[in-house]
Amino acid sequence: FRSLYNITLKIKGKGIKYVLGILYDDYDNINSFPHSNYPKEIYINGIKQSEVKYAYDFEGVNNTVTLTWYNKIVNCVNMFKYCHDITEIDFSNFDTSLVENTGYMFSGCSSLISLNLSKFNTSKVASIHYMFYDCSSLTVLDLSNFKTSRVSSIHNIFSGCINLEYINFKDSK
């Protein structure tokens, strides 16, 4: 029996949409979410896709995507970078206990309005720089369970979050 770790996304609109982070400059793949960290399975509106890739062509206006891993990952840097059409992300079924870097994780997610990080374990995270950069549709962010005792890089974490009105943060070192 193998453990499953899932992240659920809601994506708006028809057409080609990113479900995993990429960098617009294809020549600089070091700044995209590494293929080695890609999920093992992707389901779109309940249908398993034959191939795991960073973008898909959606037919519906409101779409649900489930990303499934069989193992825990250490690096979430650029995970959803520039995924402009994601409106919701739910991490409640994803184990982040080994994650060390969340830099640029949601950077450029300009349509993101709901982010469930209630079980997001940050006890090993050292870098959260640009994590929410340009998440311009977020109005509320609950980081009440974040542990920051190991964090050494936080620059520009909320830069560009022009509609962010409330952050619930209680560092529980």
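Student: Is cysteine 76 buried or exposed?
Tutor: Good place to start! This is a predicted model, where local features need pLDDT of at least 70 and side-chain atom pairs count only at pLDDT 80 or more, while totals for chains, interfaces and linings use all residues. Residues are numbered from 1 along each chain as its sequence is written, and side-chain values use heavy atoms, with hydrogens and water left out. Buried means under 20% relative accessible area, exposed over 50%, and partly exposed in between, using a 1.4 Å probe and protein chains only. Because its relative accessibility is 0%, cysteine 76 counts as buried.

Student: How many disulfides does the structure hold?
Tutor: A disulfide is a pair of cysteine sulfur atoms within 2.5 Å. For cysteine 76, the closest cysteine sulfur is in cysteine 109, 13 Å away and so too far for a bond. For cysteine 161, the closest is in cysteine 135, and that 5.2 Å is also too far for a bond. The number of disulfides is zero.

Student: Which strands stand at the edges of the sheet?
Tutor: Strands are DSSP runs (E, at least two residues), numbered from the N terminus, and two of them pair if DSSP finds at least two bridges between them. Six strands form an open sheet with mixed pairing, in the order S4-S3-S6-S1-S7-S8. Each edge strand has a single partner, so one side is left without a neighbour in the sheet; these are S4 (47-48) and S8 (114-116).

Note on methods. Helix = DSSP H or I, 4+ residues; strand = E, 2+ residues; numbered from the N terminus.
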